[in-house]
Amino acid sequence: TEQHSQKMKLMVFVDGSAHADKAFEKALKSTEASDELYIVYGCDFLDHMYHTADPGVMSHDVIDSHRKAQQEHGEKICAKYAEKCGYANKTNFHTQVLATSGHSKEECMQFAEKMEADTIFVGSRGRGVVGRFLLGSFSNYVL
């Protein structure tokens, strides 16, 4: 790992997948003692809800329930990575859960800009051209 002389803000987007684990490990290895590491979980809870809930019951209570469930899920995932930071004696880290009602890609990038991240780490599933076109790609969006 190349050493840097100034304090850096590094951000890693996680979702609990093996690909996110690899991105996190790379980010953790890239940090120095004075650096800040932001661990960010982003999810469009409405998109998740539309794929898991009965479309006939989209009340405010159901929507709030899904938002809360995604928030809790994100907190559990961030806690797992925070625990890994502790094992690596990394103390200067922050976690952020973004359970959005819009495009999580945009929310995550807005958060990265707000925090003035110097470097962003994100996992890639290795989808082909057609898969990225049909399903989208978070890593391509970040680029």
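This report walks through a predicted model of one protein chain.

## The chain as a whole

The chain has 143 residues, and 37% of them are buried. Its secondary structure comes to 6 helices and 4 strands. Read from the N terminus, the order of elements is β-α-β-α-α-β-α-β-α-α.

## Where α1 meets α3

Helix α1 covers residues 18-30, and helix α3 covers residues 60-87. Their axes come within 12 Å. They cross at roughly 35°, and the crossing is right-handed.

Which residues make this contact? From α1 come A20, D21, F24, E25 and L28. From α3 come K80, Y81, K84 and C85. Sorted by class, the contact holds 5 nonpolar and 4 charged residues, with no polar ones.

## Cysteines

C85, one of the contact residues of α3, has a relative accessibility of 0%. The cut-off for buried is under 20%, so C85 counts as buried. C78 has a relative accessibility of 2%, so C78 counts as buried too.

How many disulfides does the whole structure hold? A search finds 0.

Helix α4 spans residues 104-114. Its buried residues are S104, C108, M109, F111 and A112.

An α-helix has 3.6 residues a turn, so residues three or four places apart point the same way.

The other side of α4 carries E113 and K114. Both residues are exposed.

E116 sits in the loop between α4 and β4, where β4 is 119-122.

Is E116 buried or exposed? Its relative accessibility is 58%. The cut-off for exposed is over 50%, so E116 counts as exposed. In sequence, E116 and M11 are 105 residues apart. In space, their C-alpha atoms are 9.6 Å apart.

## The loop between α3 and β3

Strand β3 is 93-100, and N92 lies in the loop between α3 and this strand. T91 is found in the loop between α3 and β3 as well.

How exposed are these two residues? T91 has a relative accessibility of 71%, so T91 counts as exposed. N92 has a relative accessible area of 24%, so N92 is partly exposed.

Both residues can be paired with a residue from elsewhere in the sequence. T91 and A33 are 58 residues apart along the chain, and 8.2 Å separates their C-alpha atoms. N92 and T31 are 61 residues apart along the chain, with 9.7 Å between their C-alpha atoms.

What does N92 touch, leaving out residues up to four places away in sequence? The list is K7, A33, S34, D35, E36 and L37.

Note on methods
Residues numbered from 1 in each chain as written. Predicted model: local features only at pLDDT ≥ 70, side-chain atom pairs only at ≥ 80, totals over all residues. Heavy atoms only, no water. Buried < 20%, exposed > 50% of the residue type's maximum accessible area, 1.4 Å probe, protein only. Helix = DSSP H or I, 4+ residues; strand = E, 2+ residues; numbered from the N terminus. Disulfide = S-S within 2.5 Å. Axes fitted to C-alpha atoms, helices over the stretch in contact; angles between N-to-C directions. Left-handed = near helix turned anticlockwise from the far one by under 90°. Contact = heavy atoms within 4.5 Å. Nonpolar A, V, L, I, M, F, W, Y, C, P; charged D, E, K, R; others polar.
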